[in-house]
Amino acid sequence: IMVDKRSGVEGWAKPNTRVDVQIIYDDPSTGKSRVTTFIRSSKVLSVGGNSLSTGPKTDVPDKTTVTLLVTEEDSRKLELARKAGELSLSLVGNEEPDQISSETMPTIDFNGLLGIDDQVTPQEKIEGVMYTDDPLTGGQAKWVLVGGRWKRDSF
């Protein structure tokens, strides 16, 4: 996969280390940006064609490639993900198990990142309403205050 200094964890992802692969994408059903880990604990085989692991950190040019050891299924996921969004690597610690299911990793959107619950149920008492510009749609977003917390609502 193609990486830059940021997405390649500044050279810390080097041969024989393990990385998770994440994708950030725009969800067409909601119009929201989301991020999810879709490959867990993959072994790095080479960086920029170099398969030698030398020193504590390798220098990463602005753009380079990282080759990962993955299953056939994960290689298909990678190909689809390259077209769907932006890929990023994160280092896996030495104490983490090698095999963790990607299905157990939740997908996170901006509301989850900010701790905002955007589901308003009819039983909740609305304490206030606010309308803001929505940068994702270009329209307006409606927010309601419930239990002292703002929740995005549809209108």
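The side chain of S33 makes a polar contact with the side chain of D26, at 2.8 Å. A polar contact here is a pair of N or O atoms within 3.5 Å; within protein, one must be able to donate a hydrogen and the other to accept it, and residues adjacent in sequence count only if both atoms are side-chain atoms. S33 lies in strand β3. Its relative accessible area is 15%, so S33 is buried. Buried means under 20% relative accessible area, exposed means over 50%, and partly exposed lies in between, with a 1.4 Å probe and protein chains only.

This is a predicted model: local features need pLDDT of at least 70, side-chain atom pairs count only at pLDDT 80 or more, and totals for chains, interfaces and linings use all residues. Residues are numbered from 1 along each chain as its sequence is written, and side-chain values use heavy atoms, with hydrogens and water left out.

Now the whole chain. The protein chain has 2 helices and 9 strands. Helices (H or I, at least four residues) and strands (E, at least two) are DSSP runs, numbered from the N terminus. From that end, the elements run β-β-β-β-α-β-β-α-β-β-β. Of the 155 residues, 35% count as buried. The chain exposes about 9900 Å², and carbon and sulfur atoms supply 53% of that area. Accessible areas come from the Shrake-Rupley method with a 1.4 Å probe; for residues, only the protein chains shown count as cover. Take contacts between residues at least 6 apart in sequence: 63% of them join residues at least 24 apart. Contact means heavy atoms within 4.5 Å.

What does L78 touch, leaving out residues up to four places away in sequence? The list is I1, V21, F38, I39, V70 and L87.

The loop between β1 (2–3) and β2 holds S7. S7 is buried, with a relative accessible area of 4%. Not counting residues up to four places away in sequence, S7 touches L87, S88 and L89. V9 lies in the loop between β1 and β2 too. At 19% relative accessibility, V9 counts as buried. V9 has a positive phi of about 45° although it is not a glycine. N16 is also found in the loop between β1 and β2. N16 has a phi near 80°, again positive in a residue other than glycine. Its relative accessibility is 52%, so N16 counts as exposed. Most residues other than glycine have a negative phi.

Another loop, between β3 (33–47) and β4 (64–69), is the place of N50. N50 is partly exposed, with a relative accessible area of 34%. Leaving out residues up to four places away in sequence, N50 touches P15 and L45. N50 and V66 are 16 residues apart in sequence, and their C-alpha atoms are 9.3 Å apart in space.

Last, a sheet. Three strands form an open sheet in the order β7-β8-β9, with antiparallel pairing. Two strands pair if DSSP finds at least two bridges between them. Why is one side of β7 (126–133) and of β9 (149–153) left without a neighbour in the sheet? Both stand at the edges, each with a single partner strand. The twist averages 30° from one strand to the next. Axes are lines fitted to C-alpha atoms, for helices over the stretch in contact, and angles run from 0 to 180 degrees between N-to-C directions.

Strand β8 (residues 140–146) is joined to β9 by 5 bridges, and the two run antiparallel. Among the bridge partners in β9, W150 pairs with L145, and K151 pairs with V144. The hairpin of β8 and β9 has 2 residues between the strands, and G147 takes a positive phi near 60° there.
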